[in-house]
Amino acid sequence: MTTQLKDKPPLGKIIVITSGKGGVGKTTSAAAISAGLAKLGHKTVVIDFDVGLRNLDMIMGCERRVVFDFINVIQGDARLKQALIKDKRLETLFVLPTSQTRDKDALTKEGVEAVLNELKEEFDYIICDSPAGIERGAQLAMYFADEAVVVTNPEVSSVRDSDRVLGLLASKTHRAEKGASEPVRPRVLITRHDQGRIDKGEMMTVEDVLEILAVPLLGIVPESQAVLRASNVGVPVILDEPSAAGKAYEDAVARLTGEDVEMKIESEKRPGFIQRIFGRSA
C-alpha cells in the first residue's frame, strides 16, 4: 500500500521558472527545484520550453537518452510516455526534453495544454523551464501556470526585466484572462548573490530588489563555483556535493511546499556563516 504524502495536490501543480533576462540561472534553478521536490518524495516532471537550444537535459545529465521530445508529443509523433526520461538518481523525477532542431512556432497553446493536462493526472508537480524573455516560448511556458518562480540577479537590468515578466504573469496567463479568483502566485528567487559586490555598490541589495518587484522572496542563492561544477557534470546542484548554493535551493524548495524556513544568506567562502537574517517570509 502506498503512503500518501501530506498535503499532496489533488491534481498536479504547474510551476513556471521564468526570468526576463538570460544567464540568471533559470535552467539551473529549474533543475534544482525539480530535483529538490523529488527528493521530498513528490512525483515531479520538469519540461524544457526553450525550443531550439535545449539545455535542460544537459544539466540533468540525460542528453544521451533523448529519443523523442516535447515537440514530437505535441505534433503527435510520439506518446508522452515515450518522451519522458526517468532520472537515474531519483525514482520520482522525470524530464521532458525539447527539440534542438525546431523553432518556437512548433509550440501551440492547444498542444501545450493537452500535454500539461495529461501530466497533471500523474504528477504532483510540473516544473516548466521557460526560455528567457517575453516571446512566444516564454509566454506559453507561463500561460497555464498556477505559481511562478521569477529568477533574478541583484542587478538593475535583470530586476527591470523581471518586473516586466511579473506584469505578464498578472495579465497574460490563463488565470488572468479567465478572471480566476486566485491569480498566478509569483515569488522571486535571487541568484548569484555576492555580498562583497553589494558592499562595493556593484550589485543591488536584497531589500532594493524586493522593493522594486514587490513580491514574496522564495530564496537567495549565493554566487558559487558549485553551480558551474554541477552543470558541467550533469547533476542538479542540489544533488551534488554539499554547498551553500545547494542548501539555498533546498530551503527554497521547502518554502515552495509550504514550510516556514528562516531566510538566511549563506557565504560560499565561509560555509554556514549567516551574513544576514531577514524577517520577510516566503
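With a relative accessibility of 2%, Val24 counts as buried (buried is under 20% relative accessible area, exposed is over 50% and partly exposed is in between, using a 1.4 Å probe and protein chains only). The structure is a predicted model, so local features need pLDDT of at least 70 and side-chain atom pairs need 80 or more, while totals for chains, interfaces and linings use all residues. Residues are numbered from 1 along each chain as its sequence is written, and side-chain values use heavy atoms, with hydrogens and water left out.

Val24 sits in the loop that runs between strand S1 (13-18) and helix H1 (26-39); helices (H or I, at least four residues) and strands (E, at least two) are DSSP runs, numbered from the N terminus. If you skip the neighbours within four places in sequence, Val24 is in contact with Ser19, Val151, Asn153, Ser158 and Thr191, where contact means heavy atoms within 4.5 Å.

Gly25 is found in the loop between S1 and H1 too.

Over residues 13-159 the chain is 35% helix and 19% strand, with 26 Å between the end C-alpha atoms.

Val46 belongs to strand S2 (residues 44-48), and its relative accessible area of 0% makes it buried. Which residues does Val46 touch? Not counting residues up to four places away in sequence, Val46 touches Ala30, Ser34, Leu56, Met60, Phe94, Val95, Leu96 and Ile127. Val46 and Tyr125 are 79 residues apart in sequence, yet their C-alpha atoms are 8.4 Å apart in space.

Asp57 is part of helix H2 (residues 56-59), and Asp57 also counts as buried, at 0% relative accessibility. The side chains of Asp57 and Arg54 are joined by a polar contact of 3.3 Å (a pair of N or O atoms within 3.5 Å; within protein, one must be able to donate a hydrogen and the other to accept it, and residues adjacent in sequence count only if both atoms are side-chain atoms). Apart from neighbours within four places in sequence, Asp57 is in contact with Cys62, Glu63, Val66 and Pro97.

### Aromatic pairs

Searching the whole structure turns up 3 aromatic pairs. Rings of Phe, Tyr and Trp (its six-membered ring) pair if their centres lie within 6.5 Å; planes under 30 degrees apart are stacked, over 60 edge-to-face, and the rest tilted. One of the pairs is Phe49 with Phe70, which is edge-to-face at 5.1 Å centre to centre with 75° between the planes. Phe49 lies in the loop between S2 and H2 while Phe70 lies in helix H3 (residues 70-74), so this pair ties together parts that are 21 residues apart in sequence. The rings of Tyr143 and Phe144 are also edge-to-face, because their centres are 4.8 Å apart and their planes stand at 85°.

| Residue | Relative accessible area | Class |
|---|---|---|
| Phe49 | 0% | buried |
| Phe70 | 0% | buried |
| Tyr143 | 7% | buried |
| Phe144 | 12% | buried |

### Helix H11

Which residues of helix H11 (residues 225-233) are buried? They are Ala226, Val227 and Ala230. These cover an arc of only 105° around the axis, so they fall on the same side of H11; the arc is taken from the directions from the helix axis to the C-beta atoms. The buried residues of H11 pack against H1 and helix H12 (244-256). On the face of H11 turned away from the buried side, you'll find the exposed residues Gln225 and Asn232.

At its start, a side-chain oxygen of Ser224 comes to within 3.0 Å of the backbone nitrogen of Ala226. Just after H11, Gly234 adopts a positive phi of about 70°.
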